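Work through the exercises below with the sequence and the model at hand. Each task is followed by a solution in steps.

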Amino acid sequence: MFQKKQKPKQEIPTSSLPDVIFLLLFFFMVTTVIKRDSGIPIITPAAYSTKKIEARRHLAYIWADDKGKISVDDAVIPLGKLSTLSNVFRDKLSNNNRLIVSMKVDKRANMGLITDLQEQLRDANAIRINYATRTKSSKQ
Amino acid sequence: MFVDQKKKRDVEIPTASTADIAFLLLIFFLVTTTMSTDKGIPMILPERGGEAKINPKNIAQLLINESGLVLFDGRQVEDMELKDLLVERVQERGVDTEGSPRLIISIKSDRATEYDRYITVLDIVKESGATKISIAEPDKD
């Protein structure tokens, strides 16, 4: 009558644990983008209306600092050879017609440089651009 | 002479530590992962050659000079004032059939204007709710 109830087995099955972890591992391996910075150190301006760009795979970058040093694909382009930019971006556009050019420009640069870059992009018909900015905190 | 069949040895790779190894790798990738950090203000440049006729009432002119002063419709304005003026103007012109504001804001800057200043003004314009922004070419000097 007072027979002890048999205790049910209390164990979490761990045999599939490695598989689960591997799955997570592969997810992170695939999504990881190891940060690769181009050589030009710049400070981007801050703006409240900064938005996140979702279409990462369509992005191409132009780096430019306040001294007029321009870099595309890790190659520095001298100011005198600015007109070669339109050909570079025309090629890029033919490979990816949804190209967005992100302009990572130092905040101390002048608008003359920006305009010259934009004119080159218009020549290449790469009209979707983005001004790389930081998010401005509302406290400022 | 009978050759004894050798007893098969137990050949197994120890798998008990696989989970630990995978965990270690997982933590490494978790730490090094940077999710999309590309941020900015999206813009669309005007296409070459395409010129559209626009009702002049729907255009607001914004001029930024080399020292960063802003001229709005022929009057110099401060940043705080500018936002209110723009919001007012956007509402005054209303929305078109697609539901986006009719007002087009044309920003024109000097070649010597600082980029930071331009972004600040562009930010104010974006914050005011205007979606049609035109970047005018600075005059060549």
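Two strands pair if DSSP finds at least two bridges between them. Helices (H or I, at least four residues) and strands (E, at least two) are DSSP runs, numbered from the N terminus. This is a predicted model: local features need pLDDT of at least 70, side-chain atom pairs count only at pLDDT 80 or more, and totals for chains, interfaces and linings use all residues. Residues are numbered from 1 along each chain as its sequence is written, while chains are lettered from A and ligands numbered from 1 in the order in which they are written.

**Exercise 1. Give the strand order of the seven-stranded sheet and find its edges.**

Step 1. The seven strands form an open sheet with mixed pairing, in the order β2(A)-β1(B)-β7(A)-β6(A)-β3(A)-β4(A)-β5(A).

Step 2. At the edges stand β2 and β5 (75–77) of chain A; each has a single partner strand, so one side of each lacks a neighbour in the sheet.

Step 3. β2 of chain A (residues 51–52) pairs with β1(B) in the antiparallel sense over two bridges. The bridge partner of A:K52 in β1(B) is B:K39.

Step 4. Within chain A, β3 (residues 59–64) and β6 (residues 100–105) run parallel and are joined by six bridges. Here A:I62 stands opposite A:M103 of β6(A).

**Exercise 2. Describe the five-stranded sheet of chain B.**

Step 1. This open sheet has the order β4-β3-β2-β5-β6, and its pairing is mixed.

Step 2. β4 (75–77) and β6 (132–136) of chain B are at the edges with a single partner strand each, so each has one side without a neighbour in the sheet.

Step 3. Direction ignored, neighbouring strands are turned by 30° against each other on average. Axes are lines fitted to C-alpha atoms, for helices over the stretch in contact, and angles run from 0 to 180 degrees between N-to-C directions.

Step 4. β2 (residues 59–64) and β3 (residues 70–72) of chain B run antiparallel, with three bridges. B:L62 is opposite B:F72 in β3(B).

**Exercise 3. Which residues and elements of chain B touch chain A?**

Step 1. Two residues are in contact if their C-beta atoms, placed from the backbone, lie within 7 Å. The contact involves 44 residues from chain A and 37 residues from chain B.

Step 2. On the chain B side, the elements giving two or more residues are α1 (18–32), β1 (39–44) and α3 (115–127). α1(B) gives the most, with nine residues.

Step 3. That side divides into 17 nonpolar, eight polar and twelve charged residues. Ala, Val, Leu, Ile, Met, Phe, Trp, Tyr, Cys and Pro count as nonpolar, Asp, Glu, Lys and Arg as charged, and the others, Gly among them, as polar.

**Exercise 4. How do α1(A) and α1(B) lie relative to each other?**

Step 1. The axes of α1(A) (residues 17–31) and α1(B) come within 9 Å and cross at roughly 20°.

Step 2. The two helices α1(A) and α1(B) are therefore roughly parallel to each other. Angles under 35 degrees count as roughly parallel, over 145 as roughly antiparallel, 65 to 115 as roughly perpendicular and the rest as oblique.

Step 3. Residues making this contact include A:L17, A:F22 and A:F28 of α1(A), and B:F23 and B:L26 of α1(B). The contact residues divide into 15 nonpolar, one polar and no charged.
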